[in-house]
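I opened my notebook to get to know a structure that was new to me. Here is what I looked up, entry by entry, so that you can follow along.

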Amino acid sequence: MRINEYPKATSFDEGDILIKDGTNGTKGILFSDAASALLESVLSPMMHRNVYRGKYLGTSVTDAQKAAIQNGTFKDLYIGDYWTIGGKNWRIADINYFHNCGDTAFTKNHLVIVPEGILYAHRMNASNTTEGGYIGSEMRISGLDSAKATIESAFGNLVLTHRDHFTNAVTNGKASGGTWYDSKVELMNEIMVYGCPIFTPGCDGSTVPNLYTTAKKQLAIMKLNPNVIIAKRQDIWLRDVVSSACFADVYANGGADYNDASGSYGVLPYFVIGV
């Protein structure tokens, strides 16, 4: 039969095979593999952060995936792709987000990872105060310890440390001090989630808050699939100081919000992996 004599189709089904012919002979290729191969052939590595795919990547980071991160090709790795480890889905949230940032330049190729749904609930502080900022909070001092243990158990020495600037002092409800710290597992800020500050106090013409940060753009996963932050309908703490008593958060109904520091809300951290 000639190809135009075959029955017509208008879509692809799972398991469909295409025929490819070239210097290595004539072979069959699954449509799903062909689609990925076509993307790889036309997209630059950094364009991978502009594609939400959501593919299951396995129960551990494979040697091939490690190599793709290390060499900066990010081959077959896209936003929303996930590993299932320890009963939790861990999704790629961005690619080389912190590259060359920090008082010491962070030059390793990397992925930013966020869990699908909170890990647990915890308060920011024992009382309704933001004194000491994010760095001085109970959350940063000890409340993330369980998250760090879970993440390091899942990803081991792939979890990288980089440098970021965090608030360490608050005056009149505004961030008034901060400096560079080693960063490994952190709460997101409003910019990473929404793409801009919402409740974080800004400049008022006389006071310039200490808002220095390398986390200055919206995570790709939040831009491409905003449902990521509301699908589970969970309250999620963010690290921004809003007032003398409150930190920012994402409310369970999906709205931007803030709450008293003593409230117990979701811990949904981010971290960076690389080789």
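**Entry: the open sheet**

I began with an open sheet of six strands, in the order β3-β4-β5-β6-β15-β10 and with mixed pairing. Two strands count as paired if DSSP finds at least two bridges between them. Helices (H or I, at least four residues) and strands (E, at least two) are DSSP runs, numbered from the N terminus.

I noted before going further that this is a predicted model, where local features need pLDDT of at least 70, side-chain atom pairs count only at pLDDT 80 or more, and totals for chains, interfaces and linings use all residues. Residues are numbered from 1 along each chain as its sequence is written, and side-chain values use heavy atoms, with hydrogens and water left out.

Which strands stand at the edges? I found β3 (56-58) and β10 (185-187) there, each with a single partner strand, so one side of each has no neighbour in the sheet. On average, neighbouring strands of this sheet are turned by 35° against each other, direction ignored. Axes here are lines fitted to C-alpha atoms, for helices over the stretch in contact, and angles run from 0 to 180 degrees between N-to-C directions.

I then looked at how β3 is held. β3 and β4 (residues 82-85) run parallel and are joined by two bridges. Opposite G58 I found W83 in β4.

Next came the helix on this sheet. Helix α4 (residues 145-155) packs on the sheet and touches β4, β5 (88-95), β10 and β15 (269-273). Its direction makes about 35° with that of β15. Contact means heavy atoms within 4.5 Å.

**Entry: a buried strand**

I turned to strand β11 (residues 236-241). Buried or exposed, I wondered, are the residues of β11? Six of the six are buried, so β11 is largely enclosed by the rest of the structure. Buried means under 20% relative accessible area, exposed over 50%, and partly exposed in between (1.4 Å probe, protein chains only).

In a regular strand the side chains alternate between the two faces of the sheet. I checked both faces of β11: I236, L238 and D240 are buried on one side, and W237, R239 and V241 are buried on the other.

β11 has an antiparallel partner in β12 (residues 246-250), with three bridges joining them. W237 has D249 in β12 as its bridge partner. The two strands β11 and β12 form a hairpin, with four residues between them.

**Entry: salt bridges**

How many salt bridges does the structure hold? I wrote down twelve. A salt bridge is a side-chain nitrogen of Lys or Arg within 4 Å of a carboxyl oxygen of Asp or Glu.

I looked up D81 and R53, whose side chains meet at 2.6 Å, N to O. D81 lies in the loop between α2 (63-70) and β4, and R53 in the loop between α1 (31-42) and β3, so the pair ties together parts 28 residues apart in sequence. D81 is buried at 0% relative accessibility, whereas R53 is partly exposed at 23%. Both belong to a network of salt bridges that links R53, K55, D76 and D81.

Then I took E116 and R91, with their closest N and O atoms 2.7 Å apart. E116 is in the loop between β6 (111-115) and β7 (120-123) while R91 is in strand β5, so this pair ties together parts 25 residues apart in sequence. E116 is partly exposed at 24%, and R91 is buried at 14%.

My last pair was D204 with K174, at 2.8 Å between the closest N and O atoms. D204 sits in the loop between α5 (190-194) and α6 (220-224), K174 in strand β9 (residues 174-183), 30 residues apart. D204 is partly exposed at 45% relative accessibility, and K174 is buried at 16%.

**Entry: the whole chain**

The chain has six helices and 15 strands. Its C-alpha atoms fill a box of roughly 80 × 40 × 40 Å, taken along the principal axes. Of the 275 residues, 44% are buried. Among contacts with a separation of 6 or more, 65% come from residues 24 or more positions apart.
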